[in-house]
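Dear colleague,

Please find the structure below. My notes on it follow.

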Amino acid sequence: MAAIGAVTCDMVKGAAETLREQVEVWRPPGVDGVGAQGMGKSEGVSHFLAVVYDTNAAVETWADGIRALAGTVQTIVDDWGTSHTNMLIARVGELNKKAAILPGSTMEARASIAIEAIKQ
């Protein structure tokens, strides 16, 4: 099942960036050429989209749970069942909520939240 930390989702779209060498480059004034230093392997920001279908009240509770994860290190499980471990939740986007096709049922709302995470 897809999840962001302990918060379950119907879908989590996206994948983590791969680790690659990061290089810091500088240009000293008055000197020809550039300086460069390898900073070790790390990755850029990974983008995920968490989605849930539920009642309006349950969607609000779900969104509060996702928002509470900001600034914490979590495991993100995507739609394919791949676990992305040690992901720092760097940014939690705004809740995007729409009425579902079957209002009044247990799936009256579709909600999504964009998440930016960095591998630790």
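The largest nonpolar core has 22 residues, and those with the most contacts inside it are I4, C9, W62, I66, I76, I89 and I115. A nonpolar core here is a set of buried Ala, Val, Leu, Ile, Met, Phe, Trp, Tyr and Cys residues joined through side-chain atoms within 4.5 Å. At least two residues of this core come from each of strand 6 (46-54), helix 1 (56-67), strand 8 (83-92) and strand 10. Strand 10 gives the most, with 5 residues. Helices (H or I, at least four residues) and strands (E, at least two) are DSSP runs, numbered from the N terminus.

The model is a predicted one: local features need pLDDT of at least 70 and side-chain atom pairs count only at pLDDT 80 or more, while totals for chains, interfaces and linings use all residues. Residues are numbered from 1 along each chain as its sequence is written, and side-chain values use heavy atoms, with hydrogens and water left out.

Contact means heavy atoms within 4.5 Å.

On the chain as a whole: the protein chain has 1 helix and 10 strands, in the order β-β-β-β-β-β-α-β-β-β-β along the sequence. Its radius of gyration is 19 Å, whereas a compact globule of 120 residues would have one near 14 Å; the radius is taken over C-alpha atoms, and the globule rule is 2.2 Å times the number of residues to the power 0.38. The C-alpha atoms fill a box of roughly 70 × 25 × 20 Å along the principal axes. Of the 120 residues, 28% are buried (under 20% relative accessible area; exposed is over 50%, and partly exposed lies in between, with a 1.4 Å probe and protein chains only). Among contacts between residues at least 6 apart in sequence, 61% join residues at least 24 apart.

The side chains include 10 positive and 14 negative ones, and the centres of the two sets lie 3 Å apart. Lys and Arg count as positive and Asp and Glu as negative, without His and the chain ends; each charge is placed at NZ of Lys, CZ of Arg, CG of Asp or CD of Glu.

S112 lies in strand 10 (residues 109-119) and is buried, with a relative accessible area of 5%. Beyond its neighbours within four places in sequence, S112 is in contact with L49, A50, V51, W62, E94, L95 and N96. V59, in helix 1, is buried at a relative accessible area of 0%. Not counting residues up to four places away, V59 touches V52, D54, L95, K97, A109 and A111. V59 and S112 are 53 residues apart in sequence, and their C-alpha atoms are 9.3 Å apart.

Last, V73 and N86. V73 is found in strand 7 (residues 73-77) and is partly exposed, at a relative accessible area of 44%. With residues up to four places away not counted, V73 touches N86, M87, L88 and Q120. N86 belongs to strand 8 and is partly exposed, with a relative accessible area of 41%. Phi of N86 is near 55°, a positive value in a residue other than glycine.

Regards
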